[in-house]
Amino acid sequence: MTRTLFSRTARDDAWWAAFTRGDVPPEQRRRSTHSRQFVLLAALGRTAPSLTLSAADCAALEPLVTDWFERGATEAQLLHTLTNGLPTPVHHAAALVRRRLVDKMPPERMAPTPPRPLLRTLECGDCGTLDLADSLVGGVCGRCHGNLVSPSAAPPGAVPPRPAYRPE
């Protein structure tokens, strides 16, 4: 019985000698050196066979996918955009993917706006007048303390104090 072995990987004589003895460790998988964007583009053909791209196409389209991710898009959103509603037949997969990546690019992320400061008004414990939380000392307004506070002392946008209602 004759067995023929073929390998695309060049091996030295020591490896072949170990192989014939049967003591060669199993091959270790090589790590992918491609980016997440490249891998996503290369895998498009599994989701939509008509969008199978070459390695050169994936490398050329990679910067556009990077822009999508920088703008907050997820892989699921990107796959949906690229594979939903495909024409039949697709004549040039790379051109279609490029066109969709450019035309449907999400807007740039807006810088988060700083939160507005809270304006808190509390009720005076004695007279029930609404006043700013900072001007209530011990839960009592300036009028009840005997210190009259002018309305102009309140910050802009403050709720004006309402007259106290006391049932008789």
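This is a predicted model: local features need pLDDT of at least 70, side-chain atom pairs count only at pLDDT 80 or more; totals for chains, interfaces and linings use all residues.
**Exercise 1. Layout.** List the secondary structure of the protein chain in sequence order.

*Solution.* Step 1: count the elements. There are seven helices and two strands. Helices (H or I, at least four residues) and strands (E, at least two) are DSSP runs, numbered from the N terminus. Step 2: read along the sequence. The pattern is α-α-α-α-α-α-β-β-α.

**Exercise 2. Burial and contacts.** What percentage of the residues is buried, and what percentage of the contacts join residues at least 24 apart?

*Solution.* Step 1: set the classes. Buried means under 20% relative accessible area, exposed over 50%, and partly exposed in between (1.4 Å probe, protein chains only). Of 168 residues, 24% count as buried. Step 2: take contacts (heavy atoms within 4.5 Å). Among those between residues at least 6 apart in sequence, 52% join residues at least 24 apart.

**Exercise 3. Salt bridges.** How many salt bridges does the structure hold? Place each partner.

*Solution.* Step 1: recall the idea. Side chains of opposite charge can pair when their charged atoms come close. The test is a side-chain nitrogen of Lys or Arg within 4 Å of a carboxyl oxygen of Asp or Glu. Three salt bridges are found.

Step 1: take Arg-36 and Glu-75. Their closest N and O atoms are 2.8 Å apart. Arg-36 lies in helix 2 (residues 36-42) and Glu-75 in helix 5 (residues 75-83), so the pair ties together parts 39 residues apart in sequence. Arg-36 is partly exposed at 45%, and Glu-75 is partly exposed at 36%.

Step 2: take Glu-108 and Arg-71. Here the closest N and O atoms are 3.6 Å apart. Glu-108 sits in the loop between helix 6 (93-103) and strand 1 (121-123), and Arg-71 in the loop between helix 4 (55-70) and helix 5, so this bridge ties together parts 37 residues apart in sequence. Glu-108 is exposed at 56%. Arg-71 is partly exposed at 26%.

Step 3: take Arg-99 and Asp-103. Their closest N and O atoms are 2.8 Å apart. Both residues lie in helix 6, four residues apart, about one turn of the helix.

Methods:
Residues are numbered from 1 along each chain as its sequence is written. Side-chain values use heavy atoms; hydrogens and water are left out.
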